[in-house]
Amino acid sequence: MDWGMRNRLSKLIQSDGHCFFLPIDHGYFQGPTHCLEKPAKTIEPLLPYCDALFVTRGVLRSCINAGISKPIILRVSGGTSMAGKDLANEGITTSIEEIIRLNATAVGVSIFIGSEYERDTLLNLSRLVNECEGYGIPVMAVTAVGREMEKREARYLALSCRIAAELGARVVKTYWCEKDFEKVVDGCPVPVVMAGGPKCRTEREVFEFVYDGIQKGAVGINLGRNVWQDSHPVAMARALQAIVHENANVEAAVEIYSGEAR
Ligand code: 5RP
């Protein structure tokens, strides 16, 4: 692996082998999102706890201070919306020149395995890998399910993650699942990061799935709504950082959260 690629990956996945990415890219298909109306304000108190920001070029340019010290993972797939027919019909939105110009540390692209657009989205991933590898820029594949949240089970997720890695993704972001999540991770030859999904009912639920996923081999998290839509986002971020980077268990995370939320 070339130095540039290793350098960028080391900015994302920390020296302890773990990572906490903060996604704020939701608007690219769902428009204004609760608690993300003013992205700069939302992320400001959370940045100290996360390792990278997952964001589109539009929000990056218009809302994020160029002096930011955190690495940027640029969301470069899109072209669909909640109002449209099929969320899976994504294309690549951002040129390689723009990716380089914006000084992205990595890029993120969604794939939709089993959908009508499976082939197109897999070829999006492949094309992006072809372009980005030449510049030492890692591609993170997002195994997306669109509206079909029931797809979040081990066999489907393992299939999606493995295919993403086979096509050249350097990191794969996927959902945690209750049963056999270790099979998802074990079947994927590149690091697996857990996505969050819609907000959980309680903070403990978030801590439980994050802790379980890390024990089963995920290298970290890419959690958005469960952080910045929480009633105490900073406490949430701090507690998650402790699970990801400090080996905290669920009880310790609850304690940290309660202490910070006071
Ligand atoms: C959407 C994405 C987002 O980055 C991510 O899933 C959103 O995070 P969360 O679900 O935790 O709010 O990739 O496909």
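Visitor: At what angle do H9 and H11 pack?
Guide: Keep in mind that this is a predicted model. Helix H9 (residues 203-215) and helix H11 (residues 233-246) pack at about 20°, and their axes are 10 Å apart. Angles under 35 degrees count as roughly parallel, so H9 is roughly parallel to H11.

Visitor: Is the crossing left-handed or right-handed?
Guide: H9 crosses H11 in a right-handed way.

Visitor: Which residues in H9 meet H11?
Guide: From H9 you have Glu203, Phe207, Val210, Tyr211 and Ile214, and they meet Met236, Ala239, Leu240, Ile243 and Val244 in H11. By class, this contact of H9 with H11 has 9 nonpolar residues, no polar ones and 1 charged.

Visitor: Okay, on to the strands. How many are in the barrel?
Guide: The closed barrel has 8 strands, in the order S1-S2-S3-S6-S7-S8-S9-S10, and the pairing is parallel. From one strand to the next, the twist averages 25°.

Visitor: How many bridges join S9 to S10?
Guide: Strand S9 (residues 192-195) and strand S10 (residues 220-222) run parallel and are joined by 3 bridges. Look at methionine 194, whose bridge partner in S10 is isoleucine 221.

Visitor: And which strands does H7 touch?
Guide: Helix H7 (residues 154-166) packs on the sheet and touches S6, S7, S8 and S9. The direction of H7 makes about 165° with that of S8.

Conventions
Residues numbered from 1 in each chain as written. Predicted model: local features only at pLDDT ≥ 70, side-chain atom pairs only at ≥ 80, totals over all residues. Axes fitted to C-alpha atoms, helices over the stretch in contact; angles between N-to-C directions. Helix = DSSP H or I, 4+ residues; strand = E, 2+ residues; numbered from the N terminus. Parallel < 35°, antiparallel > 145°, perpendicular 65-115°, else oblique. Left-handed = near helix turned anticlockwise from the far one by under 90°. Contact = placed C-beta atoms within 7 Å. Nonpolar A, V, L, I, M, F, W, Y, C, P; charged D, E, K, R; others polar. Pairing = 2+ DSSP bridges.
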